[in-house]
Amino acid sequence: MKTKRWMVTCVVALLSVAAVLAKDIRVVVFKVSQMHCEKCEKKVKDNMRFEKGLKDIATEVKARLVTITYDAEKTNVKKLQAGFNKFKYEAEFVKETKKGDQKTDKK
């Protein structure tokens, strides 16, 4: 009886891990010309963190780049760009990659 319970627990754990690993996590880079100082950087981070599916956000003020890691099952590049428009910033698509991949998908 204990062996069956232990095996069922292991199968459930394995399926849970497989479900987590199967997520479609992507990384997109935007060029945001309005972001030129630390205040602008804070504005971007404070406003974009509420976008659905967003996992992580990183900025490079000098290069005016915003890198967003997101769950592709919950959002997409167009919706993220629309998120910038909510606070009057224009986000120009630069590149998108699947997390873990090295190749670039242009859309």
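Predicted model: local features only at pLDDT ≥ 70, side-chain atom pairs only at ≥ 80, totals over all residues.
**View 1. Strand β1 and its two partners.** Strand β3 (residues 65-71) pairs with β1 in the antiparallel sense, over 7 bridges. In this pairing, I25 stands opposite D71. Strand β4 (residues 92-98) also runs antiparallel to β1, joined by 6 bridges. Here V29 stands opposite K95.

**View 2. The largest nonpolar core.** This core has 19 residues. F30, V44, I68 and F84 have the most contacts inside it. Five elements each supply at least two residues of the core: β1, α2 (38-48), β2 (54-60), β3 and α3 (77-85).

**View 3. The surroundings of I68.** Neighbours within four places in sequence are left aside here. I68 is in contact with R26, V27, V28 and F30, among others. Its contacts also include M48, L54, D56 and I57. L80 and F84 are on the list as well.

**View 4. The buried face of α3.** Which residues of α3 are buried? They are V77, L80, Q81, G83 and F84. Seen down the helix axis, these buried residues fall within an arc of 150°, so they line one face of α3. In an α-helix, residues three or four places apart point the same way, because there are 3.6 residues a turn. The cover over the buried residues of α3 includes β1, α2, β3 and β4. At the start of α3, a side-chain oxygen of N76 lies within 3.1 Å of the backbone nitrogen of K78.

Methods. Residues numbered from 1 in each chain as written. Heavy atoms only, no water. Pairing = 2+ DSSP bridges. Helix = DSSP H or I, 4+ residues; strand = E, 2+ residues; numbered from the N terminus. Core = buried A, V, L, I, M, F, W, Y, C linked by side-chain atoms within 4.5 Å. Buried < 20%, exposed > 50% of the residue type's maximum accessible area, 1.4 Å probe, protein only. Contact = heavy atoms within 4.5 Å. Arc of directions from axis to C-beta. Polar contact = N/O pair within 3.5 Å; in protein donor to acceptor, adjacent residues only side chain to side chain.
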